[in-house]
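Dear colleague,

Please find below the structure that I am handing over to you, followed by a summary of the findings.

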Amino acid sequence: MTYTPYSYRVYSGDGSKVTFDVPFPYIKRAHVEVTRVDKATQAETQLTYLDSGVPTGDEYIWKDDNEITVGTAPTTVESLRIERDTPEDQQIVQWVDG
């Protein structure tokens, strides 16, 4: 399935940075996806969201409403893509005809 994200940010890895900004608005945290990308092969690994605890490996956790922390820092041959993918086919706000 092909889709176009509404908003995203790509960070180049340096092997040490594990906290990254989420510089765009979103409705729900569940609509934000974090992916590690190998720059040479473009192979993608989607990181797993943790509700609590300390992330390891290919996991991430929300530090606050504007930052995430990943378990393993992306290396210099990797990048980290944070993107918003709000579903277009789901009702976000529940309403009743009055």
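Beyond its neighbours within four places in sequence, E78 is in contact (heavy atoms within 4.5 Å) with S12, G13, R36, V37, K39 and A73. E78 itself sits in strand β8, residues 78-84, strands being DSSP runs of E with at least two residues, and helices runs of H or I with at least four, numbered from the N terminus. Its relative accessibility is 17%, so E78 counts as buried; buried means under 20% relative accessible area, exposed over 50%, and partly exposed in between, with a 1.4 Å probe and protein chains only. A polar atom of the E78 side chain also lies 2.9 Å from the backbone nitrogen of T75.

Please note that this is a predicted model, in which local features need pLDDT of at least 70 and side-chain atom pairs count only at pLDDT 80 or more, while totals for chains, interfaces and linings use all residues. Residues are numbered from 1 along each chain as its sequence is written, and side-chain values use heavy atoms, with hydrogens and water left out.

As to the overall architecture, the protein chain has eight strands and zero helices. Of its 98 residues, 32% are buried. Where contacts join residues at least 6 apart in sequence, 65% of them link residues at least 24 apart. The chain exposes about 6,500 Å², of which carbon and sulfur atoms supply 49%; accessible areas come from the Shrake-Rupley method with a 1.4 Å probe, and for residues only the protein chains shown count as cover.

The largest nonpolar core has 13 residues, and those with the most contacts inside it are F20, V34, Y60, I68, V70, L80 and I82. Strands β3 (32-38), β6, β7 (67-70) and β8 each give two or more residues to this core. Such a core is a set of buried Ala, Val, Leu, Ile, Met, Phe, Trp, Tyr and Cys residues joined through side-chain atoms within 4.5 Å. Leaving aside neighbours within four places in sequence, the contacts of F20 include I68, V70, L80 and I82, as well as Y11 and P74.

D51 belongs to the loop between β5 (48-49) and β6 (59-64). Its side chain makes a polar contact with that of Y49 at 3.4 Å; a polar contact is a pair of N or O atoms within 3.5 Å, where within protein one must be able to donate a hydrogen and the other to accept it, and residues adjacent in sequence count only if both atoms are side-chain atoms. The C-alpha atoms of D51 and I61, 10 residues apart along the chain, are separated by 6.6 Å.

With kind regards
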